[in-house]
Amino acid sequence: METTDIFEGKRSLLITNVVADGKAADIFIDETGTIAGIGADTRKEYKSDADFIVDGDCAIALPGLVNTHTHAAMTLLRGYADDMILQDWLSQKIWPLEAHLTGDDVYLGTRLACVEMIRSGTTAFNDMYFFMEDAARAVDESGLRAVLSYGFIDLFSEDKRETECNATEELVTHIRNMKNTRIKAAVGPHAIYTVSKQGLEWCSGFAREQKIGTHIHLSETEKEVQDCIARYGRRPSLFLDSCGILSSRTVAAHCCWLDEEECTLLKKRGVSVSHNPASNMKLATNRAMPYSLLSATGVNVCLGTDGCASNNNLDLFEEMKIAALLQKFYWNDPTILPAPEALAMATHHGAEALGFGTGRLIVGAPADIVLVSTRRTCNTPLHNTISNLVYSCNGGSVDTTICDGKVLMLEGEIPGEAAVREDAARAARQLVRRARNT
Ligand SMILES: [Zn+2]
């Protein structure tokens, strides 16, 4: 069999000579994309069954990382506008450019995001944007997992609300019809300052009826909290709860300005909180998500990069480090968010938030696996694997990425990567030109 065949379709695969959960191991993936064996004896047991054998070369095997808050197609806006006040940045730069986006742009930008995520060890993501049918096509082709939501923004107008409800319903139907188990739909009410009470209530009712998730921005800035108190007489989480938005299928991004009562409420409702430290620091939200309070309350805290305009990459290894550093610095305590907790946020907490398996390397789990090379300076010496993964490595240390049992990158090679990069670069140039000509 040709070596390139390993990228085509699902095959049984034996990965030898890796370190998993601190122990030397081999991993056998069956043709359904499930981990069928993991441990010291796996090679003996499964060698004759494997279509392919990948020499892990002493790599660290990890569950695929899970990015719980992105706007993937914003890769096209990477580096377009930086170092600005949030409101100016949005109104002068981001929104005028986004007004010219087409479905093809979103397809190409999402393809680029998928390649970037594969290269840096992410196998699943939670995405909110526009033209999501095109994003779904990109995810389908990429081999990754995703939860996709249309960014519902009614701007308190009844007419616009109807358009947004229709767009949400259409996306959910479209994704159902794709019948791809790697792709799920969610509702995506953007935030309390862009969606009316009626819009939020519609979203929560529709999510409940369809048994799908909800993806929302929550308490990113102090202004959002103050405006909410002025408009609705209570803090954002309590207001969202009165609209029925908070449930165990809800992922709330940012959550910088939560108070104690809100943390308790989020725990009670089973909401997952996505920490987005790079974006928060870049846009100066002036407060770090209260990690200690949330974790002590028992809230599932996971990790996200946010879009590429405010990060400016999708590297969850970097995000783990930034999260751990920001928490220590802001709350003035170096013991907050130790490395094992940062790794848990990026792996099984994220998988739990999105309902994609266990996010652990165990028999019976979906084979979402990344191999991190130990033949790098960042992994030399290797006193403590988890310390190196969080504080020393970045996504460039990932050699091999497997999702749903399918090899998406092998020893740094992603088939078709150059074309994806070139197409996205061209689309980004044309987008800026269209915006300038108006
Ligand atoms: Zn966002």
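This is a predicted model: local features need pLDDT of at least 70, side-chain atom pairs count only at pLDDT 80 or more; totals for chains, interfaces and linings use all residues.

Let me start with a question: how do the residues of the lining of the second largest cavity divide into nonpolar, polar and charged? They divide into 4 nonpolar, 2 polar and 3 charged.

The largest cavity holds about 100 Å³ of space. It is lined by 14 residues, and the closest to its centre are Gly-64, Ala-351, Phe-356, Gly-359 and Asp-368. By kind, the lining of this largest cavity divides into 7 nonpolar, 5 polar and 2 charged residues.

Let us now turn to the largest pocket, where about 1000 Å³ of space lies. Which of them gives the largest share of the lining? That is H2, from which 7 residues come. Taken as a whole, the lining of the largest pocket divides into 17 nonpolar, 13 polar and 9 charged residues.

My next stop is a pair of helices. Helix H3, residues 103-119, packs with helix H4, residues 132-142, at an angle of about 35°, and their axes are 8 Å apart. The crossing of H3 and H4 is right-handed. On the H3 side the contact is made by Gly-103, Asp-104, Val-106, Tyr-107, Thr-110, Arg-111, Cys-114 and Ile-118, while H4 brings Asp-134, Ala-135, Arg-137, Ala-138, Val-139, Glu-141 and Ser-142. The residues of this contact divide into 7 nonpolar, 3 polar and 5 charged.

Staying with helices for a moment, is helix H13 largely enclosed or largely open? H13 covers residues 339-346, and because 6 of its 8 residues are buried, it is largely enclosed by the rest of the structure. The buried residues of H13 are Ala-339, Ala-342, Leu-343, Ala-344, Met-345 and Ala-346.

Now I would like to look at some details of the backbone. Most residues other than glycine have a negative phi, and most peptide bonds are trans. With that in mind, please find Leu-155, which is not a glycine and yet has a positive phi of about 50°. Leu-155 is found in the loop between E7 and H5. Ser-219 also has a positive phi, of about 50°, although it is not a glycine, and it lies in the loop between strand E9 (213-218) and H7.

Are these two residues buried or exposed? Leu-155 counts as exposed because its relative accessibility is 52% and the cut-off for exposed is over 50%. Ser-219, on the other hand, has a relative accessible area of 0%, so it is buried.

As for the peptide bonds, a cis bond joins Asn-311 and Asn-312, with omega about 10°, and Asn-312 is found in the loop between strand E12 (300-303) and helix H12 (316-330). Another cis peptide bond joins Thr-380 and Pro-381, where omega is about -5°. The place of Pro-381 is in the loop between E13 and helix H15 (385-392).

Arg-360 counts as partly exposed, because its relative accessibility is 43%. If we leave aside its neighbours within four places in sequence, Arg-360 is in contact with Pro-63, His-348 and Ala-365. The C-alpha atoms of Arg-360 and Ser-247, which are 113 residues apart along the chain, are separated by 24 Å.

Terms used. Residues are numbered from 1 along each chain as its sequence is written. Side-chain values use heavy atoms; hydrogens and water are left out. On a 1 Å grid over the protein atoms alone, a cavity is a set of points where a 1.4 Å probe fits but cannot get out, and a pocket is an open set with protein on both sides within 12 Å along at least five of seven lines; lining residues have an atom within 4 Å of a point. Grid points are joined across faces, edges and corners, and a volume is the space filled by probe spheres set on the points. Ala, Val, Leu, Ile, Met, Phe, Trp, Tyr, Cys and Pro count as nonpolar, Asp, Glu, Lys and Arg as charged, and the others, Gly among them, as polar. Buried means under 20% relative accessible area, exposed over 50%, partly exposed in between (1.4 Å probe, protein chains only). Contact means heavy atoms within 4.5 Å. Helices (H or I, at least four residues) and strands (E, at least two) are DSSP runs, numbered from the N terminus. Axes are lines fitted to C-alpha atoms, for helices over the stretch in contact, and angles run from 0 to 180 degrees between N-to-C directions. A crossing is left-handed if the near helix is turned anticlockwise from the far one by less than a right angle, and right-handed if clockwise.
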